[in-house]
Amino acid sequence: MSKSRSHVFMLTLSMAVTALTFASIGYIFISQPEYLHKDREGVHYFSPRVINPESGEAIPMNELIHHFKGE
């Protein structure tokens, strides 16, 4: 079974894409960029609930931010 030139090219291309994929995933796990820790308001994704000063109930931080921003 002979390998044609296009077969070798596709094999090389797929190996390069696979290596790039693993390198990208490794970068995300190793460096842990700051933009993966907070949302656009600067609130950490896994922040605890806060007490609403008006009602006294525990609500998510994002809901409190949206309330005081008027959204």
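In the protein chain, the 6 positive charges and the 7 negative charges have mean positions that lie 21 Å apart. This figure, like the others below, belongs to a predicted model.

The protein chain holds two helices and two strands, and their order from the N terminus is α-β-β-α. With a radius of gyration of 24 Å, well over the 11 Å that the globule rule gives for 71 residues, the protein chain is more spread out than a compact globule. A box drawn along the principal axes to hold the C-alpha atoms would be roughly 75 × 25 × 20 Å.

Of the 71 residues in the protein chain, 10% count as buried. Among contacts with a separation of 6 or more, 11% come from residues 24 or more positions apart. The protein chain exposes about 6400 Å² of surface, and carbon and sulfur atoms supply 65% of that area.

In general, an α-helix has 3.6 residues a turn, so residues three or four places apart point the same way. Just after α1, glutamine 32 adopts a positive phi of about 45°.

Proline 33 comes next, in the loop that runs between α1 (5-31) and β1 (50-51). Its relative accessibility is 10%, and because buried means under 20%, proline 33 counts as buried. Leaving aside residues up to four places away in sequence, proline 33 touches Tyr27 and Ile28. Valine 43 stands 10 residues from proline 33 along the chain, and 15 Å separates the C-alpha atoms of the two.

When residues up to four places away in sequence are set aside, the contacts of alanine 58 are Arg49, Val50 and Ile51. Proline 48 lies 10 residues from alanine 58 in sequence, with a C-alpha to C-alpha distance of 9.3 Å.

How values were computed. Residues numbered from 1 in each chain as written. Predicted model: local features only at pLDDT ≥ 70, side-chain atom pairs only at ≥ 80, totals over all residues. Heavy atoms only, no water. Helix = DSSP H or I, 4+ residues; strand = E, 2+ residues; numbered from the N terminus. Rg over C-alpha atoms; globule rule 2.2 N^0.38 Å. Buried < 20%, exposed > 50% of the residue type's maximum accessible area, 1.4 Å probe, protein only. Contact = heavy atoms within 4.5 Å. Areas by Shrake-Rupley, 256 points an atom, 1.4 Å probe, with all protein chains shown as cover. Lys, Arg positive; Asp, Glu negative; His and termini not counted. Charge placed at Lys NZ, Arg CZ, Asp CG, Glu CD.
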